[in-house]
Amino acid sequence: SVTLSNGAKLPTVGFGTWAATVESAKAALDAGYRHFDGAIFYKTEKNVGEAIKLSGVPRSELFLT
């Protein structure tokens, strides 16, 4: 991880969302990923958001870049 100026620790390994489905993003969360790297071009925001809701992982534990 990398420590940010606010003291938060950003995981250096993230789940790339270019082809994320709800199922794959949820599996990543279940596997312990807390950093999701995406781009508006991928159009996967809805899938990742739904996976986050289903996972029960608090938003405060996640990094979306």
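Within helix α2, Glu50 and Lys53 stand 3 residues apart, which means that about one helical turn separates them, helices here being DSSP runs of H or I with at least four residues and strands DSSP runs of E with at least two, numbered from the N terminus. These two side chains form a salt bridge in which the closest N and O atoms are 3.6 Å apart, where a salt bridge is a side-chain nitrogen of Lys or Arg within 4 Å of a carboxyl oxygen of Asp or Glu. Glu50 is partly exposed, with a relative accessible area of 32%, whereas Lys53 is exposed, at 65%; buried denotes under 20% relative accessible area, exposed over 50%, and partly exposed the range in between, with a 1.4 Å probe and protein chains only. The model is predicted, so that local features require a pLDDT of at least 70 and side-chain atom pairs count only at pLDDT 80 or more, while totals for chains, interfaces and linings use all residues. Residues are numbered from 1 along each chain as its sequence is written, and side-chain values use heavy atoms, with hydrogens and water left out.

The structure holds 3 salt bridges. Another of them joins Lys26 to Asp30, with the closest N and O atoms 3.0 Å apart; both residues lie in helix α1 (residues 22–30), 4 residues apart, or about one turn of the helix. Lys26 is partly exposed, with a relative accessible area of 23%, and Asp30 is exposed, with a value of 53%. A salt bridge also forms between the side chains of Glu61 and Arg34, at 3.7 Å from N to O. This pair links distant parts of the chain, 27 residues apart, with Glu61 in the loop between α2 (45–55) and β5 (63–64) and Arg34 in the loop between α1 and β4 (35–37). Both partners are partly exposed, Glu61 at 41% relative accessibility and Arg34 at 23%.

In helix α1, the buried residues are Val22, Ala25, Ala28 and Leu29. They cover an arc of only 130° around the axis, and therefore lie on the same side of α1, the arc being that of the directions from the helix axis to the C-beta atoms. The buried residues of α1 pack against β3 (15–16), β4 and α2, with contact meaning heavy atoms within 4.5 Å. On the face of α1 turned away from this buried side are the exposed residues Glu23 and Asp30. Following α1 is Gly32, which has a positive phi, near 110°.

The buried residues of helix α2 are Val48, Ala51, Ile52 and Ser55. Because they cover an arc of only 100° around the axis, they are placed on the same side of α2. Packing of the buried residues of α2 is against α1, β4 and β5, while the face turned away from the buried side carries the exposed residues Lys46, Lys53 and Leu54. Just after α2, Gly56 takes a positive phi of about 80°.

Strand β4 contains His35, which counts as buried at 9% relative accessibility. A polar atom of the His35 side chain lies 2.9 Å from the backbone oxygen of Pro11. Beyond residues up to four places away in sequence, His35 touches Leu10, Pro11, Val13, Gly14, Phe15, Phe63 and Thr65. Asp37 also lies in strand β4, and at 38% relative accessibility Asp37 is partly exposed. The side chains of Asp37 and Thr65 are joined by a polar contact of 3.0 Å, a polar contact being a pair of N or O atoms within 3.5 Å in which, within protein, one must be able to donate a hydrogen and the other to accept it, residues adjacent in sequence counting only if both atoms are side-chain atoms. Between the C-alpha atoms of Asp37 and Phe63, which are 26 residues apart along the chain, the separation is 8.2 Å.

Asp37 and Thr65 are also among the residues that line the largest pocket, including Thr17, Phe36, Glu45, Val48 and Ile52. Both β4 and α2 supply at least two residues each to this lining, and α2 gives the most, with 3 residues. A pocket is defined on a 1 Å grid over the protein atoms alone, as an open set of points where a 1.4 Å probe fits, with protein on both sides within 12 Å along at least five of seven lines, and lining residues have an atom within 4 Å of a point.
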